[in-house]
Amino acid sequence: MKGAKGKGAAKRDTKDALKPVDDRKVGKRKAAVKADSKSKAKKGKAAKDPNKPKRPPSAFFVFLEEFRKTFKKDNPTVKAVSAVGKAGGEKWKSMTAAEKAPYEAKAAKRKTEYQKVMSAYEKKQESVADDGDEESDKSKSEVDEESGQESEEEEDDDDE
């Protein structure tokens with residue numbers, strides 16, 4: 001009996017030794033599954049329309065357009081984009097509402113222009129979609145007419 005206990009203890013030790021290896025394999029499988037689900041999610045997204053108008057910049061980005069020019073003149077050695085962004089952000093925060101007003105006005109003007117362009121774009125998209133729907137409606141009605149004619153002919157054959 002002692003021999004049997006010894007063998008059982010040895011088996012338990014080997015099982016314990018194998019557990020971390022098995023866990024690692026399971027971990028790898030889980031990671032592979034996650035990668036597959038991410039790729040499926042990306043494939044499911046609708047493609048972006050290249051003709052769609054870009055959103056207008058906010059007042060801060062309108063400010064940054066001008067700030068970049070002056071910052072590069074003052075600091076020609078600084079090449080990092082992050083440095084320009086940080087300096088612009090600090091300057092924007094320190095500005096008063098009166099100093100920000102011209103940039104906000106430019107941003108509002110760009111927003112109204114964007115809304116006009118966007119409404120024209122949406123109308124164009126609707127007309128393109130309507131054209132596609134009309135064609136499909138025609139094809140459906142043509143199919144219905146053809147099937148209806150066939151059924152009438154079949155009825156005529158039955159009468160004879």
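## Burial and surface

In this predicted model, 12% of the 160 residues of the protein chain count as buried, meaning under 20% relative accessible area, with exposed over 50% and partly exposed in between (1.4 Å probe, protein chains only). Local features need pLDDT of at least 70 and side-chain atom pairs count only at pLDDT 80 or more, while totals for chains, interfaces and linings use all residues. Residues are numbered from 1 along each chain as its sequence is written, and side-chain values use heavy atoms, leaving out hydrogens and water.

## Helices

The protein chain has four helices and zero strands; both are DSSP runs numbered from the N terminus (helices H or I, at least four residues; strands E, at least two).

Helix H2 covers residues 59-74. A kink of about 30° is centred on phenylalanine 67, where the bend is the angle between axes fitted to the seven residues ending there and the seven starting there. Buried residues of H2 include Phe63, Phe67 and Phe71.

## Aromatic pairs

The model holds eight aromatic pairs. Rings of Phe, Tyr and Trp (its six-membered ring) pair if their centres lie within 6.5 Å; planes under 30 degrees apart count as stacked, over 60 as edge-to-face and the rest as tilted. Phenylalanine 60 and tryptophan 92 form an edge-to-face pair, 5.8 Å centre to centre with 70° between the planes. This pair links helix H2 to helix H3 (residues 81-94), its members being 32 residues apart.

Phenylalanine 60 is partly exposed at 23% relative accessible area, whereas tryptophan 92 counts as buried at 14%. Ring pairs join Phe60, Phe61, Phe63, Phe67, Phe71, Trp92 and Tyr103 into a cluster.

Technical notes. The expected span of a helix is 1.5 Å times one less than its number of residues.
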